Amino acid sequence: MSFNSKPPTASGPAHSRSTQERLTQPTGRGWDLTPLLWICCAAILVFIVVNPVARLVLSSFEVIDGTGYTVDNYLAAFGRWRHVQALLNTLVMATGVSLLAALFAVPLAWATVRTDMPGRGFVRLGVLAAFITPPYLGAVGWILLAGPNAGWLNKIWMAASGSDSGILNIFSLSGLILIMAGNLYFFIFVFTSTALELISSEMEDAANMLGANAFRTAMKITLPLVYPSIIGGVIVVFLQSIALFGVPALIAIPARYPVVTTQLWQFFESPVRAEVAAAYALPLLGITLALLGLQRRLLAGRGYTTLAGKGGERRIVRLGLWRWPMFAYAIVVMALSVLMPLVVLVQASLSRAWGRGFTWSNLTLDNYHFVLFEHVQAQTAIVNSVVYGGTAAMASLALALCIAYMVKRNVMRGAQMLAFLCMTPFVIPGLVLAVGFYAAYTTPPFSLAGTAAIVILAFTTRLLPIAYQNSAAGIASIHPEMEEAVRILGGSRATAIRRVVAPLLKRPLVGAWILVFIPACQELSTAIFLTGPKTRVMSMVMLDFSEEGRLEQLSALGGVLLVITVAIVILGFRIVGRDFMLRRA
Amino acid sequence: MPTLRLKNLTRAYGQIRAVDNVDLDIRDGEFLSLLGPSGCGKTTTLRMIAGFIDPSGGTIEVDGRVLSSASGSVPPERRGMSMIFQSYAIWPNMTVAENVGFGLVLRKLPSAEIKQRVGQVLDVVQLGTLAHRYPAELSGGQQQRVALARAIVVQPSVLLLDEPLSNLDANLREEMRTEIRRLHEAFRITTVYVTHDQAEAMATSDRIAVMNRGRVEQVDAPYTIYARPRTRFVAGFIGRTNFIEGRRDRSQIRFDGFAVDAARLEGVDATASTITASVRPQSLSLSSERPADADGRIQIPGRIVERTFLGEHWDYVFAAASSNLRLKVAARPSDVFAVDTDTWLALDPKQLVVIQ
Ligand SMILES: Nc1ncnc2c1ncn2[C@@H]1O[C@H](COP(=O)(O)OP(=O)(O)O)[C@@H](O)[C@H]1O
Ligand SMILES: [Mg+2]
């Protein structure tokens, strides 16, 4: 057939029919591999999600070093006042962290999204920096700043006031709360600013015309519209703070303020009582489930989103002279959460002895040399962190992607169930997950204790929820008709995935990989019970350094971790665009 | 022999029958539209033809070969059809030429031939100069042309289009529907075209199948659909109309205010005692005097009760003086009547269409 503009004559169709025979040869293969894929994904999920959780629950009822079932573990776990106290302490701490984090995050979110406060881009970067600094590093920074007497702030105070003791003690409940809030307020910031971006200015204009000033309008109109998002963020912060291990290990133990995670850790000191730990971990799981249920209801119901809507113009609120107090507040939050700890960490990492201060004679690169070239454990740990993190990120994304595809494209019934399993680890604090993996895979026939495999598997499980959310969003962004167009033209589903879906997913996947790699690289709580002498990761070596009082070398190792993190984030900025970490998936 | 045959085609979603017992023969080289309101099952029908959805009952055959049935279907990639999607589904990671040539690559044609065929078809859709652009740089209309070129270059046995123009603005829509018809004249590919826009269906199709609630109500040429609608739904959906009820009175059908010999009306069910007829506002005429020359038309005195000027015509509502008859009447812009003026309505009984 030719494409002359002249219509074919009577012989035209016949002629084209014969060409057509050749053109429309079937090309697709007849095999449908999706059931096989489903079975593979399901098997993997059983191995890395279902079994560890099941073993966690079961082992909490097992007789230690024996056979049969018992409730003795629960009695051991909750029979002592000290253990119950730790649980209550945790709730007090988490409440404090949530409130302080909201105090940090909400004004900043409003100011960066809705106002003409100066330095908005800087503040957004600062919030991100506070988040990608691992919380245990923030804790070390604050030890340097506000350790009793020796901390920088205390020394400055003593020099200024002439008194012979400092006034700040970071080893306290308030210290704990400040450090955690300084890392976790990121979540509230992201939830709130994403919601604020959806509200049109008309709502505010209505109030402004009635004579309310900018702050009154924000308090009475704007913020109430995003309450569900704020509370959603607060709940995430609450849950994260009860699950953190690093900061309590550094701060709460010296402060003699036991919390659940430090107590869990103690069950793992010899003699290891994993069954009691399992019993003790379950309430944490319960709290998490309950709060996430609450969060879902808050964010789903009430129709706030329809109120906010998509349409409508968004204009920036002019703060006038109030820009400067607002900016000052943002700087204070930046200073507390990231600037001050980072400055002293960098100083320590470049010092012979951090307490000697900023002098030329104190300046050295020895600490970096030490962690990079001398200290075998630190070297191994750097490699381990990157390799485990990278592998786990890849594995969790591959699995999540397969499942997200099956769900979003309705390829198979029952895919939704796999998606549910992918999201399950979200409700399991890292330390609890580690207890589950310990119960499931350190005994025969697996005997994976101390191997790289168990660490990578546990990391993979831990990362699955973020990986799944990002994969699902990525696939949802590709119109199904893109694939159908391939198929109707004669390509199989595999061809459609290879030639269209995969190329289009590249960018979102790079973003997703970074989002899972960074926490994996910094992971502490999942690793702590599962690593052996050869499989330790950076965070654990830092804890060792801190116990040995080698804060300079710790800071240097932290510096290495931060350089890796920042390099990856910048790569992400380049490839995916600046905002990819500051939005809710 | 029809190329494409739908037999008792049904697709149920739970209790809802999205497509309900559809019988349709589409002839070789024919351009057929599925026309109906949103939710009537057009897309579901089309996607069953394409093989993306399996029927829950009935079959789809091409040249006598069963492609779809409740017990299994040939997958879309082995049907030799093409489809144009509502979203265009142009692959953003490929250039215009790569998009258009993709179906030929899948058919393993030598690359020289692919290049030549792609060049030809791009010229046909007037995109020759844009072959190496990426879709993101194209306007909506141009993307639409890429989709068209991509679909016809493989010489499909059947071309399927699902509301291809709904994302374009009005001017472009008109241009593109002419273009689609032109391509059909040139290549005579058997085409099934889904739309909810009657003008689009009228302008492009050889025949129109009007769908309602999963069923096909009437399949006919555009003029017949308009002039001789068979059901109340078709009469109301295609253009505007007046429905009037009549009763049989011996050899006459008596309407409110006038009567017509039953013999003069087509399709009157001899057994029914009441009938409904449709009469288009365009087929009625108004005049201020009683016309001298009746010419077989029925003349009814009355007055104007409402009027709306729409630029291209007037919409009047006429109320008969001695009965409850009220009719919408469309008149030329120059036929001006004030509200409440006495007028005469002329109705040609040939324009009365009996509805089932
Ligand atoms: N996947 C589905 N599940 C349930 N109902 C569906 C599904 N697809 C279509 N329907 C229903 O079938 C009917 C016909 O839909 P559709 O064929 O898309 O209509 P149209 O294209 O004519 O607008 C609608 O009532 C729609 O709600
Ligand atoms: Mg449709």
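User: What makes residues 1-30 of chain A a stretch to treat with care?

Analyst: The pLDDT, which is the predictor's confidence in each residue on a scale from 0 to 100, stays under 50 over residues 1-30 of chain A. The model does give this stretch 46 contacts beyond four places in sequence, a contact being heavy atoms within 4.5 Å. Residues 302-311 of chain A are also below 50, with 10 contacts beyond near neighbours in sequence. Where pLDDT is low, the predicted coordinates should not be read in detail.

User: What ground rules apply to the numbers?

Analyst: This is a predicted model, so local features need pLDDT of at least 70 and side-chain atom pairs count only at pLDDT 80 or more, while totals for chains, interfaces and linings use all residues. Residues are numbered from 1 along each chain as its sequence is written, chains are lettered from A and ligands numbered from 1 in the order in which they are written, and side-chain values use heavy atoms, with hydrogens and water left out.

User: Where in chain A is confidence lowest, and where is it highest?

Analyst: Helix H1 (residues 11-23) of chain A has the lowest confidence, with a mean of 40, and helix H21 (residues 480-488) of chain A the highest, at 94. Over the whole of chain A the mean pLDDT is 83, and 88% of the residues reach 70 or more.

User: How many helices and strands does chain A have?

Analyst: Chain A comes to 24 helices and zero strands. Helices (H or I, at least four residues) and strands (E, at least two) are DSSP runs, numbered from the N terminus.

User: Why is Arg409(A)–Glu483(A) called a salt bridge?

Analyst: The term asks for a side-chain nitrogen of Lys or Arg within 4 Å of a carboxyl oxygen of Asp or Glu. For Arg409(A) and Glu483(A) the N to O distance is 2.6 Å, so the pair qualifies. Arg409(A) lies in the loop between helix H17 (376-408) and helix H18 (415-423) of chain A, and Glu483(A) in helix H21 of chain A, so the bridge ties together parts 74 residues apart in sequence.

User: Are those two side chains buried or exposed?

Analyst: Buried means under 20% relative accessible area, exposed over 50%, and partly exposed in between (1.4 Å probe, protein chains only). Arg409(A), at 15%, counts as buried, and so does Glu483(A), at 5%.

User: How do you know that Lys42(B) and Glu163(B) form a salt bridge?

Analyst: Their side chains meet at 3.9 Å, N to O, which is inside the limit given above. Lys42(B) is in helix H1 (residues 42-50) of chain B and Glu163(B) in the loop between strand S8 (158-162) and helix H5 (170-187) of chain B, so this pair ties together parts 121 residues apart in sequence. Lys42(B) is buried at 4%, and Glu163(B) is buried at 9%.

User: Why is H2(B) described as largely enclosed?

Analyst: Nine of its 11 residues are buried, so the rest of the structure largely encloses H2(B). Among them are Val96(B), Val100(B), Phe102(B) and Leu104(B). Another of the buried residues is Asn99(B), at 0% relative accessibility. Asn99(B) touches residues including Trp91(B), Pro135(B) and Arg150(B), not counting those up to four places away in sequence.

User: What makes Ala89(B) and Arg213(B) stand out in their backbone?

Analyst: Most residues other than glycine have a negative phi, and most peptide bonds are trans. Phi is positive at Ala89(B), near 55 degrees, and at Arg213(B), near 45 degrees. Ala89(B) is buried at 1%, whereas Arg213(B) is exposed at 70%. Arg213(B) sits in the loop between strand S10 (207-212) and strand S11 (215-220) of chain B.

User: Which residues does a cis peptide bond join?

Analyst: Pro444(A) and Pro445(A) are joined by it, with omega about 5 degrees. Pro445(A) belongs to the loop between helix H19 (430-441) and helix H20 (452-476) of chain A.
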